[in-house]
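Have the viewer open as you read.

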Amino acid sequence: MSDRKPLIEVKQLKKHFPIFSQGFVKRQIDTVKAVDDVSFDVMQGETLGIVGESGSGKTTCARTILRALQPTSGEVWFEANQGRINLATIHERELKPLRQEMQMIFQDPFSSLNPRMTVGDIVGEPLVIHKLAKGKELEDRVVEILEKVGMQSEHRMRYPHAFSGGQRQRIGIARALIMRPSLVVADEAVSALDVSVQAQVINLLEDLQDEFKLTYIFVAHDLSVVRHICDRVAVMYKGKIVEMEDTEALFENPKHPYTQMLLSAIPSPDPDIKMEPRRDLVESGWLPED
Amino acid sequence: MDPNPAANDFALSINNLRVTFATEEGLVVGVDDVSYQVRRGKTMAVVGESGSGKSVTAFSILRLIQKPGKIAGGEIIFYPASGAPINITALNEKDDLLYKLRGGYISMIFQEPMTALSPVHTVGNQICEAILLHEDVTNHEAERRAVEMLGKVGIPMPEQRLKQYPHEFSGGMRQRVVIAMALVCKPEILIADEPTTALDVTIQAQILELIKELQDDMGAAVIFITHDIGVVAQVADDVAVMYKGRVVEKGNVRQVLKDPLHPYTKGLLAAIPSQANKGRRLPTIDSVLGDLNIDTRLALSDLPNGRQVALTQEEISKLQITL
């Protein structure tokens, strides 16, 4: 894995949100450092997990990398088809064609699909927006990708409400992959699903990764899922990466007290292994602000 | 369930419950012939996927099933610590006893704390309302008890927090408020419907510990509804596995999780990502079941050591039961 080139290099990335005072004159009174001086690489074909609690900045970090949010400072070097590009500073106009190469899968399969569009329109929309296909070719590509994610071609005439949570998540995946991206950011992509459906979607994501040589950034709070599919894991706490390690090394031997606390709080599915949350770490000041 | 006779002291018994929903497409059976018992002071975990009927069963206990749904058969018997048993399903919709049961003897923690709390009333008002509805105490006394309860669930500075609104609390703190509301009348049965699903693992660990402590403290029986097997393993004494409105397997927590007998339970457990299947494809319920059809309705059969499973006699005779 280590001999591969990095697809993404993040250097000193920051995303700060200003807080303004109430009243007629809005003065900036404080900043929230949602992502604060984060640096890491993501190798080609790798799955990087970003874990942390709500408010730790993991989603903001992923969105800033994709330039869905404008970074405050820092660099994001992306190995695009036409060469190495700094996503953090590139002009909006030049960004649009690059969007084909990086796609996102969202958490909530119910709110991320437009209820008034058919599945075929939803999945085909990226191609229409980027003017890559129309007519028969568009339809063929929609059918092809729907079949790849385990749906049937007749499904494209139906609306999202006719599908279950797992099927909707497959539609979301199809919409992301129809662009043949190299990078896919999955933000809590399996969190809302039942275990059995979750297992199917995880298998699907892994199959598609092999087939299309995808690189994943997998944002999640479910640590057992992260352990299963990620090669490396970054642990975020208050906007900073406190530990980043190969998955097994991190789970076997967490070094940072926050990682230790996070791992100790996972309930084991074996009733003979009692959960012992590390309160000592909590009391020594590592409690996430509640 | 247990060879020890004192262990069979039930707080609640659900017998052959059937709940139906009349829809335009016809009658949907949400809960079909479900029976389980909850032991006093113990935790019963009800596991299953969405749509398996686990929440509908719980709502029936409080008679919260709304039209077009109705309880079409069976009975739910509540055995108070003192006094005669109450048949909840036989009570009239407007019976005073029903109001005493709801939030008094039996109370519920809901999944989503933001929707369970009113945004326009202070937290203190909402907790006091629960006390004043069920007990004949002064406002002052109710407030004192609310402060005490907030302190017990681990909210710092309860006197100040009492005057705040739910939006001023974080997710974990809100869930603590909901728990405080549920426990303030010292219920004999606590129904927790996915109380930690929306929370981070660290907060989840705290809430699970809290429920356990308060349960030991008050001797309440807990019905814990969840789809997280990890949580079940940590909190439950007994487990009932539900599938499509039926209970397919029942037993104590070690029996069901360590030695699952029903193919559906096996599939459910196999689908959890763990070290055993690291780096390989995850088994799904379909891949575990294969061609096996588990949709035939079968009654639960009794097995040794108080276990029950919904399989045919032929299938049962082939089982190797280790626990």
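Which salt bridge do the side chains of A:E46 and A:R232 meet in, and what is the N to O distance? This is a predicted model, and in it those two side chains pair up at 2.6 Å, N to O.

## The A:E46 pair

Let's start with where the partners sit. A:E46 is in the loop between strand 2 and strand 3 (47-51) of chain A.

For A:E46 the relative accessibility is 2%, which is why it counts as buried. Leaving out residues up to four places away in sequence, A:E46 touches A:D41, A:Q209, A:L214, A:T215, A:Y216, A:D231 and A:R232.

## Two salt bridges inside chain B

Over all chains, the structure holds 31 salt bridges. One in chain B joins B:R18 and B:D32, with the closest N and O atoms 3.4 Å apart. B:R18 lies in strand 1 (residues 10-23) and B:D32 in strand 2 (residues 26-39) of chain B, so this pair ties together parts 14 residues apart in sequence.

Another one links B:R145 with B:E135, where the closest N and O atoms are 2.8 Å apart. B:R145 is in helix 5 (residues 139-152) of chain B, while B:E135 is in the loop between helix 4 (123-134) and helix 5, 10 residues apart. Here B:R145 is the buried end, at 16% relative accessibility, and B:E135 is partly exposed at 28%.

## Where the chains meet

Now for the contact between the chains. It takes 39 residues from chain B and 40 residues from chain A. Between them the two chains bury about 3300 Å², with 53% of that on carbon and sulfur atoms.

On the polar side, there are 12 residue pairs in polar contact between chain B and chain A, both residues at pLDDT 80 or more. The count of salt bridges between the two chains is four. One of the pairs is B:K258 with A:D272, whose side chains meet at 3.0 Å, N to O. On chain B, the elements giving two or more residues to the side that touches chain A are helix 8 (201-218), helix 9 (229-235), helix 10 (253-258) and helix 12 (285-289). Helix 8 of chain B gives the largest share of that side, eight residues.

## An enclosed helix and a nonpolar patch

Back in chain A, six of the eight residues of helix 1 (residues 58-65) are buried, so this helix is largely enclosed by the rest of the structure. The buried ones are A:K58, A:T60, A:C61, A:A62, A:T64 and A:I65. After helix 1 of chain A comes A:R67, which has a positive phi near 65°.

Which residues form a nonpolar patch on the surface? They are A:F17, A:I19, A:I29 and A:V32, with about 310 Å² of accessible area together. Strand 1 (6-20) and strand 2 (28-43) of chain A are the elements that give two or more residues to the patch. A:F17 lies in strand 1 of chain A, and its 32% relative accessibility makes it partly exposed.

Technical notes:
Residues are numbered from 1 along each chain as its sequence is written. Chains are lettered from A and ligands numbered from 1 in the order in which they are written. This is a predicted model: local features need pLDDT of at least 70, side-chain atom pairs count only at pLDDT 80 or more; totals for chains, interfaces and linings use all residues. Side-chain values use heavy atoms; hydrogens and water are left out. Patches are made of residues with over 30% relative accessible area and no salt bridge: like charges are joined within 9 Å, nonpolar side chains (Val, Leu, Ile, Met, Phe, Trp, Tyr) within 5 Å. Accessible areas come from the Shrake-Rupley method with a 1.4 Å probe; for residues, only the protein chains shown count as cover. Helices (H or I, at least four residues) and strands (E, at least two) are DSSP runs, numbered from the N terminus. Buried means under 20% relative accessible area, exposed over 50%, partly exposed in between (1.4 Å probe, protein chains only). Contact means heavy atoms within 4.5 Å. Buried area is the accessible area (1.4 Å probe) that two parts lose on being put together, summed over both. A polar contact is a pair of N or O atoms within 3.5 Å; within protein, one must be able to donate a hydrogen and the other to accept it, and residues adjacent in sequence count only if both atoms are side-chain atoms.
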